[in-house]
Amino acid sequence: MAGPLRPGPPARVCVLTPDARGAVAVVRIWGPGALDVADRVFRPARGAPLSATPPGRPRFGRAGAGLGDEVVALVVGAAVPGGPVEVELHCHGGPTPVALVVDALVEAGAEKSRPLAWVRHAAGRSVPAQARADLARAPTLRTAEILLEQAGGALGREVTGLIRGAETDPGSAVAGIDRLLARAPVGLRLVRGWTVALAGRPNVGKSRLLNALAGYDRAIVDPTPGTTRDVVTLRTAFDGWPVELADTAGLRDADDAIESAGIALARARQAGADLTLLVLDRSEPLTGDDRALLARRPAALVVANKCDLPAAWDAAEVGPISPITVSAERGDGVERLVAEAARRLVPEPPEPGAGVPFRRAHVRRLQAAREALQAGRIATAVDRLRGLVPAASK
Ligand code: GDP
């Protein structure tokens, strides 16, 4: 049973396992008061209290109000070097047993934290630790691989090389920093991903294309113009890069208030998208709206849809770069479109093993080091770069 609440050293608690049904859930307690709080909650089946148990030795008992849940308690070494020991309670999975245990810990004085709070705490501040923390949120294998390499020291190794050369050859150190900075646009998207908007007048096949790109039905497809009332988004991956696809309302002037709102949203979304796929209907003559969109979106990747039907216009009509010809209905050309979109989003993917800055703070450090090198302030530059190298390899 939880002891009476008295102010003690702070302890935090969070559930490490996903918020779902499962055989086992893991509750983590950390902070200077972790052991104290756990002692008040964990009732060993027999023997000494948990605080008298050496780290790593599992104890069986109960925790929670009333009979409580059966739990295995474990004192574990500090996640942060030199920090106080931490405690894990392994209880039954599912919301009820977890709530029973967590509520008891909170009643005993622990502060409840968000699920990833412990990951952040354990990650610390070094680049590999940050990479491990981001790894938990990497949406695809490809982004996870890059983060794993940074967790393995890829960025640190490359920066160490730059530090060595900074004094003897500042020019090539600047070039090395530029190489790293060129990879930052990818690094900063490893967790967040990219946004791709589908634009085009109504009925050209945007919703159908969205479904073809994502591989399943999500947007409503209807031959009546204006079916897509809002922005439909879904997450997918282009060539391993995480992408949020946004199908925007048909871009035309509409009287209907709801549809107008959808169009406003669509325009806003497109303004912020990393890439716009401008969809045209290959089977109908180009309209004034099509031409206006082409003029307004010169950087868009132009897609000529409905290639399963006879063509009503020539590729050269839409500008110097050939559109990607697809049939959203049949799936023809969709793979080529995905490959081209991925190439536009990430023109130069980092080589395997390359150092990739993946936080804004990394970019700021590199930029500061670059400026210092150019101003001849070598010691300052080295100091800035050192912040990217884990302590053990400095
Ligand atoms: P949106 O208004 O741009 O989102 O267009 P939709 O995706 O709703 O499609 C409008 C109509 O065009 C529907 O009847 C689709 O079945 C049809 N359509 C879409 N893509 C193709 C295609 O590649 N070939 C053919 N033949 N019809 C298509």
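Modeller: Gladly, and please keep in mind throughout that this is a predicted model.

Colleague: At what angle do α6 and α7 pack, and how far apart are their axes?

Modeller: Helix α6, which covers residues 154-168, packs against helix α7, residues 170-187, at an angle of about 155°, and their axes are 7 Å apart. Angles over 145 degrees count as roughly antiparallel, and therefore α6 and α7 are described as roughly antiparallel to each other.

Colleague: And is the crossing of α6 and α7 left-handed or right-handed?

Modeller: That crossing is left-handed.

Colleague: OK, what about α8 and α11, how do their axes cross?

Modeller: Helix α8 (residues 206-214) and helix α11 (residues 334-345) have axes that come within 10 Å and cross at roughly 80°, so these two helices are roughly perpendicular to each other. In their contact, Leu209, Ala212 and Leu213 of α8 meet Val334, Leu337 and Val338 of α11, and by class this gives 6 nonpolar residues, with no polar and no charged ones.

Colleague: Changing topic, how many disulfides are there?

Modeller: The count comes to 0 disulfides. As for individual cysteines, Cys14 is buried, with a relative accessible area of 2%, whereas Cys307 is partly exposed, at 28%.

Colleague: What does Pro115 touch, leaving out its neighbours in sequence?

Modeller: Not counting residues up to four places away in sequence, Pro115 touches Cys14 and Val15. Although Pro115 and Cys14 are 101 residues apart in sequence, their C-alpha atoms are 5.5 Å apart in space.

Colleague: Where is Pro115 found, and is it buried or exposed?

Modeller: Pro115 is found in the loop between β7 (111-112) and α3 (117-123). Its relative accessibility is 55%, and exposed means over 50%, so Pro115 counts as exposed.

Colleague: Last one, zooming out: how many helices and strands does the chain have, and how many of its residues count as buried?

Modeller: The secondary structure of the chain comes to 13 helices and 13 strands, and of its 394 residues, 47% count as buried. Looking at contacts with a separation of 6 or more, 59% of those in the chain are between residues 24 or more positions apart.

Technical notes: Residues numbered from 1 in each chain as written. Predicted model: local features only at pLDDT ≥ 70, side-chain atom pairs only at ≥ 80, totals over all residues. Heavy atoms only, no water. Axes fitted to C-alpha atoms, helices over the stretch in contact; angles between N-to-C directions. Helix = DSSP H or I, 4+ residues; strand = E, 2+ residues; numbered from the N terminus. Parallel < 35°, antiparallel > 145°, perpendicular 65-115°, else oblique. Left-handed = near helix turned anticlockwise from the far one by under 90°. Disulfide = S-S within 2.5 Å. Buried < 20%, exposed > 50% of the residue type's maximum accessible area, 1.4 Å probe, protein only. Contact = heavy atoms within 4.5 Å. Nonpolar A, V, L, I, M, F, W, Y, C, P; charged D, E, K, R; others polar.
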